[in-house]
Amino acid sequence: MSTPALTRPSGLPRLAQELLPVLYQHRLLTAGQLTRLLRPTAATSRYVRRQLQQLQAHALADATSRRHTRAGELLWYITPLGADTIEASRELPTRAYRMTHQAAASTLQEHSLAINDTALAFVEHARRAGDECEPLSWEMEVAHRVRDGNTRSADEVWLTPDAVLHYTHTTDSGERMLLDFFIEVDRSTMNVARLAAKLHAYARYATYIPQPAPGARHHAGGLVQEAWCERYRAFPRLLLVLTGAAPHALATRALDLRALAAADPRLHRAAAQLRAGITSLELLTRHGPFANVVTPLLGPDTPTTVLLPDPAVSV
């Protein structure tokens, strides 16, 4: 699966052209991740690395050393010139965030790579199953505003998932399901209570109905609906992906999160909209998203797939 060819400086090979939008949208990747995305049948990432070096020679991409791995592994990102080139083509949504050398070399490395590994598990399963999930089928840190009209701007709340991923699944009966996912990756670096607070924020967004701004006229009979309805066909499934610790530690973390979720009234009130589950990056990568590797956040702890069961409405 290849990405659309965009307007580039002349003389760049096709693969080098395909790499640029992926680097723009996904911030920071290894040559191995890029090979899995764009040349999945290749035995090595040598050819991808050569194309990355060409982009580097044109000042369109650059690399930094990975902090916590064997010496010499590089992480690749788009330069300001490369980002300007992508944005001038107008074939991808403009991203407010620009990767810098300082950010690429910072502690965000492993988190960014884990987000992209999570999405890669979906892409690789889609290829095996005949589903649709492309190299550009996810966006990182998409902001969603939660603010009533009478709330001061300084007090507005932003829900920002690690990624929003789009996937088209074909069922055994031939039905096509257009699925959206909120992806949250936890590398076991965040306090569990703080992580539970993020889940609480998703529940708030699931039920959030914007109110008219002060002084605005309210039209009788106007449609009242949740803010997410303007962006999604259905409320995206929330997938919490755990990594960064031994399997038994991740299992304990999942139990703690389920206990905190069970005690959160807002999560229960949002259960009609919110399908949420927990898995590990290892399970997701090894077995794929449509194996029984996801434990629902609420209700019975029976493992299921990323489709998750219909949420039970709490009374």
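The second largest cavity has a volume of about 40 Å³, where a cavity is a set of points, on a 1 Å grid over the protein atoms alone, at which a 1.4 Å probe fits but cannot get out, and a volume is the space filled by probe spheres set on the points, with grid points joined across faces, edges and corners. Its lining, taken as the residues that have an atom within 4 Å of a point, consists of Tyr-24, Gln-25, Arg-27, Arg-95 and Tyr-97. These residues divide into two nonpolar, one polar and two charged, on a scheme that counts Ala, Val, Leu, Ile, Met, Phe, Trp, Tyr, Cys and Pro as nonpolar, Asp, Glu, Lys and Arg as charged, and the others, Gly among them, as polar. The model is a predicted one, in which local features need pLDDT of at least 70 and side-chain atom pairs count only at pLDDT 80 or more, whereas totals for chains, interfaces and linings use all residues. Residues are numbered from 1 along each chain as its sequence is written, and side-chain values use heavy atoms, with hydrogens and water left out.

Leu-23, Tyr-24, Arg-27, Tyr-77, Ile-78, Ala-83, Arg-95, Tyr-97, Arg-98 and Met-99 line the largest cavity. Helix H1 (14-26) and strand E3 (74-78) are the elements that give two or more residues to this lining, helices (H or I, at least four residues) and strands (E, at least two) being DSSP runs numbered from the N terminus. By residue class, the lining of the largest cavity comprises seven nonpolar, no polar and three charged residues.

Ile-78, one of the residues lining the largest cavity, has its C-alpha atom 9.6 Å from that of His-101, which is 23 residues away along the chain. His-101 lies in helix H5 (residues 101-104) and is partly exposed, with a relative accessible area of 42%; buried means under 20% relative accessible area, exposed over 50%, and partly exposed in between (1.4 Å probe, protein chains only). Residues up to four places away in sequence not being counted, His-101 touches Ala-63, Thr-64 and Tyr-77, a contact requiring heavy atoms within 4.5 Å.

Arg-237 lies in strand E9 (residues 237-242) and counts as buried, at 12% relative accessibility. Although Arg-237 and Phe-181 are 56 residues apart in sequence, their C-alpha atoms are 4.8 Å apart in space. Phe-181 is among the contacts of Arg-237 beyond four places in sequence, together with Met-177, Leu-179, Asp-180, Phe-182, Arg-275, Val-306 and Leu-307.

Positive phi values in residues other than glycine include that of Arg-90, near 60 degrees, and that of Glu-141, near 50 degrees. Arg-90 is found in the loop between helix H4 (80-89) and H5 and counts as exposed at 76% relative accessibility. Glu-141, in the loop between strand E4 (138-140) and strand E5 (144-146), is partly exposed, with a relative accessible area of 38%.

The chain as a whole has 10 helices and 11 strands, and buried residues make up 47% of its 315 residues. Among contacts between residues at least 6 apart in sequence, 63% join residues at least 24 apart. Zero disulfides are found in the whole structure, a disulfide being a pair of cysteine sulfur atoms within 2.5 Å. Cys-133 counts as buried at 0% relative accessibility, whereas Cys-229 is partly exposed at 26%.

Methods. 1 Å grid on protein atoms, 1.4 Å probe; cavity = no way out; pocket = protein on both sides within 12 Å on 5 of 7 lines; lining within 4 Å.
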